[in-house]
Amino acid sequence: MPTEPSPTSPHVAGMQRFWTPAGELPLARVSRAEGLYVWDTTGRRYIDATSGPVAVNLGHANPRVLRALQDQAASVCFAYPTAFESESNVRLTARLTEQAGMGLDCAFFVSSGSEAVEKCLQFARRHAIATGQGTRFKVISRNPSYHGSTRTMMALSADPGYAALLPQGQTGIHVPAPWSYRTPDGLDPSSYANQCAEALRERIQAEVPESVLAFILEPVMGFCGGADYASAAYYRRVREICNEFGVLLIYDETISGAGRTGKFLAAHWWPGAEPDLVTLAKGIGGGYCPLAAFLAPSRMVDAVTTAGGFHLGHTHKGHPLACAVGLAVLEETLGQGLIARANDVGVYLRSALESLRGEIPILGNVRGLGMLNAIEIVADPATKAMLPRSIDVIGRIQALAREDGLLFYGRRTHGGRFGDFLMVTPPLIATPADLDAMVAGIRQALRRFTAELPPGVLP
Ligand SMILES: Cc1ncc(COP(=O)(O)O)c(C=O)c1O
């Protein structure tokens with residue numbers, strides 16, 4: 001019989017059973033959260049440097065969002081969208097698409113980023129069939145990338161660590177993602193980005209262009225690439241290539257959307273490279289409710305509805321409570337001017353992180369856009385050599401930071417082949433003083449991590 005979980009029990013219980021080997025201690029149990037802080041049941045306080053997994057953009061316990069949650073819950077939590085229209089869904093669609101612009105005036109709401117990308121690709125395929133382009137079914141993605149954890153998303157994501165979980169015979173079609181830090185053959189970042197764009201062109205040609213449905217990318221990379229992004233020329237060239245071959249361009253803005261980069265969508269940074277479809281998740285629900293979406297223009301939606309409609313469902317699609325939360329999160333984000341502010345505080349944060357360079361010998365690179373930032377940890381900043389892959393760099397730094405009350409979400413993707421990045425993505429409400437406290441915690445964790453490295457690892 002499973003034992004009853006108790007706050008003092010040494011047994012791992014609940015979901016943690018799925019990832020913690022027997023004999024290890026359970027995580028501290030959460031008790032409450034407010035603003036940037038989370039407390040456990042022993043009264044210990046933690047400051048959150050990554051907004052959970054880049055979701056809690058407004059911090060915790062925002063009064064406006066809590067009020068919206070309570071009001072909506074008191075009237076109606078659930079109504080299936082094929083049975084009833086719901087006001088929160090209609091209002092959120094209008095507000096969100098107004099912010100997105102670029103002709104993206106329809107929104108399909110689901111519960112997670114993985115579902116949003118999945119639904120977006122299914123919609124793209126339906127659109128191809130509806131418009132006489134039924135030969136188009138292939139989706140090209142980038143390596144590295146991360147688009148979620150359903151089996152199709154894992155195939156898109158190109159991480160060899162997922163190979164064993166892919167549906168039989170399924171692999172993705174990948175082209176390189178441009179880097180700014182560790183470019184091959186010492187190329188400067190824009191020449192390499194140009195090569196990456198041309199690799200897309202070649203790949204579309206090699207696949208037979210009429211079979212290619214879409215190209216999907218994270219405009220600013222998340223956990224797979226530590227907040228790296230390319231110059232405007234890359235996105236514009238990718239747009240041209242997609243136009244040339246009639247391939248849809250999809251931006252997965254699960255992480256980069258909802259104001260995180262200092263624009264409502266990262267796509268807004270690169271006029272002339274507008275995507276056809278966009279996915280959003282994480283920050284649009286702010287962690288208060290599971291909420292994600294894909295956005296599409298009326299012209300595509302009309303083509304699909306005329307041909308029979310897009311009925312594929314999830315029980316919680318367009319969930320009234322989640323939409324009410326999404327609306328309050330958006331109004332609060334706009335009302336507090338947090339999107340424009342993300343630029344200023346992001347500049348402040350990167351400069352504070354840069355200032356660690358003199359005293360932290362493993363700090364390789366500081367990069368990011370707005371409040372979507374990362375630092376790259378290396379063995380030697382002069383050569384950009386990585387630390388041995390046998391060292392769980394991110395896991396260990398996370399553990400050390402946590403001991404000192406600083407929370408980081410992160411994971412090593414692609415087996416560390418592309419580097420070790422520590423995401424620094426605080427809630428958008430963080431003040432310069434809050435950021436100073438986080439950077440002090442990062443300094444302390446990196447010092448402790450450096451001190452425990454085995455001899456000979458650093459030059
Ligand atoms: C770019 C990107 N797409 C999709 C996902 C999947 O989102 P979810 O975890 O909500 O399914 C993530 C999650 O980190 C992501 O970073």
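Colleague: Which ring does the charged end of Arg32 sit over, and how far from its centre?

Modeller: This is a predicted model, where local features need pLDDT of at least 70, side-chain atom pairs count only at pLDDT 80 or more, and totals for chains, interfaces and linings use all residues. Residues are numbered from 1 along each chain as its sequence is written, and side-chain values use heavy atoms, with hydrogens and water left out. A charge sits over a ring if NZ of Lys or CZ of Arg is within 6 Å of the ring centre and within 35 degrees of the ring normal. For Arg32, the ring is that of Trp39, and the distance is 3.9 Å.

Colleague: Okay, how do the rings of Tyr235 and Trp270 pair up?

Modeller: Rings of Phe, Tyr and Trp (its six-membered ring) pair if their centres lie within 6.5 Å; planes under 30 degrees apart are stacked, over 60 edge-to-face, and the rest tilted. That gives 15 aromatic pairs here. The centres of Tyr235 and Trp270 are 3.9 Å apart and their planes are at 15 degrees, so this pair is stacked.

Colleague: And what about Tyr234 and Tyr235?

Modeller: Tyr234 and Tyr235 are both buried, meaning under 20% relative accessible area with a 1.4 Å probe, protein chains only. Their ring centres sit 5.2 Å apart with the planes at 85 degrees, so the pair is edge-to-face.

Colleague: Which residues have the most contacts inside the largest nonpolar core?

Modeller: A nonpolar core is a set of buried Ala, Val, Leu, Ile, Met, Phe, Trp, Tyr and Cys residues joined through side-chain atoms within 4.5 Å. The largest one has 109 residues, and the ones you want are Phe215 and Tyr234.

Key:
Buried < 20%, exposed > 50% of the residue type's maximum accessible area, 1.4 Å probe, protein only.
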